[in-house]
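Hi,

Here is the structure I promised to pass on. Have a look at it first, and my notes on what turned up follow below.

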Amino acid sequence: MLVNSNICIKCISLLTCIMLTACSSVPELESSAVEPIVPLPDYHQELGVFSAYDDPWEGFNRRVYYFNAKADEYVLLPIVDSYKKITPDVVETGLSNFFNNLGEISTFVNSVLQLKFSVAGETFGRFFINSTLGMVGLLDVATPMGLAEQNEDFGQTLGFWGVEAGPYLVLPLLGPSSLRDATGLAFDALADQQTLDVLGMKSEEELYLSLINSIDARARLPFRYYASGSAFEYEYLKLLYKKFREIQVAR
């Protein structure tokens with residue numbers, strides 16, 4: 001959940017920029033507009049940016065996308081709104097820092113698996129400092145010290161070792177993904193579970209913590225389904241997700 005929320009937050013910024021550019025660059029055609037005198041190539045559909053990535057499961061993905069939109073509207077967002085109303089800002093920030101600090105463990109492991117030892121070292125430094133000076137991660141004192149937050153997950157690790165992304169996949173409640181990244185999410189979830197086990201938490205405590213983590217992650221995500229007003233929102237999000245993940249794997 002943490003991984004997906006970070007990805008989506010960055011995707012939204014890119015989505016906004018591209019949609020604004022698209023809106024300003026595509027004029028409306030008058031009814032008297034003439035046909036272009038330059039014929040389109042037979043393979044013009046292959047040149048379209050939306051067809052850059054295959055979507056063999058589009059029917060399923062669009063249904064899940066719609067389900068996610070309704071679940072978001074009628075269940076998740078009302079819970080998030082109540083959470084934000086009753087929770088002081090300083091507590092919200094502390095909880096976000098705490099969950100980010102737990103996420104450093106997965107980032108550290110995946111950095112090592114990708115042989116990115118400088119990233120692993122910086123992540124370990126962040127985790128150590130925030131877990132001690134930052135009171136078990138409630139305060140982020142590492143960032144002002146110059147230790148920037150990194151983002152590595154097992155989907156990126158698989159990509160680093162040559163595993164292709166595979167078909168685009170929209171996951172229930174979690175949103176954009178791919179066959180490879182969905183597999184990676186299972187590994188990251190297992191790593192998170194191991195972390196909770198090491199902390200010696202009871203099953204009920206783990207359940208409450210996971211629930212708060214999910215609410216916190218959604219509260220930090222500004223994305224709202226169909227708020228863009230574009231008929232191509234699904235395609236834009238797919239394009240941005242796939243491109244963003246390519247950049248993350250290649251860096």
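Let's start with two helices, α4 (residues 89-113) and α7 (residues 179-198): their axes come within 10 Å and cross at roughly 125 degrees. Axes here are lines fitted to C-alpha atoms, for helices over the stretch in contact, with angles running from 0 to 180 degrees between N-to-C directions. That makes α4 oblique to α7, given that under 35 degrees counts as roughly parallel, over 145 as roughly antiparallel, 65 to 115 as roughly perpendicular and the rest as oblique. On the α4 side the contact is made by Leu-102, Ile-105, Ser-106 and Asn-110, and on the α7 side by Phe-187, Asp-188, Asp-192 and Thr-195, with contact meaning heavy atoms within 4.5 Å. Helices are DSSP runs (H or I, at least four residues), numbered from the N terminus.

Before the rest, some housekeeping. This is a predicted model, where local features need pLDDT of at least 70 and side-chain atom pairs count only at pLDDT 80 or more, while totals for chains, interfaces and linings use all residues. Residues are numbered from 1 along each chain as its sequence is written, and side-chain values use heavy atoms, leaving out hydrogens and water.

Now the aromatics: there are 10 aromatic pairs. Rings of Phe, Tyr and Trp (its six-membered ring) pair if their centres lie within 6.5 Å; planes under 30 degrees apart are stacked, over 60 edge-to-face and the rest tilted. Tyr-65 and Tyr-225 have ring centres 5.1 Å apart and planes at 80 degrees, so they are edge-to-face. They sit 160 residues apart, with Tyr-65 in helix α3 (residues 58-86) and Tyr-225 in the loop between α8 (203-219) and α9 (233-250). Both Tyr-65 and Tyr-225 are buried (under 20% relative accessible area; exposed is over 50%, partly exposed in between, with a 1.4 Å probe and protein chains only).

Phe-160 and Trp-161 also pair edge-to-face, with centres 5.0 Å apart and planes at 85 degrees. Phe-160 is partly exposed at 33%, and Trp-161 is exposed at 54% relative accessibility.

Ring pairs also link Tyr-65, Tyr-168, Phe-223, Tyr-225, Tyr-226, Tyr-234 and Tyr-241 into a cluster. The charged end of Arg-62 sits over the ring of Tyr-234, 4.2 Å from its centre (the cut-offs are NZ of Lys or CZ of Arg within 6 Å of the ring centre and within 35 degrees of the ring normal).

Cheers
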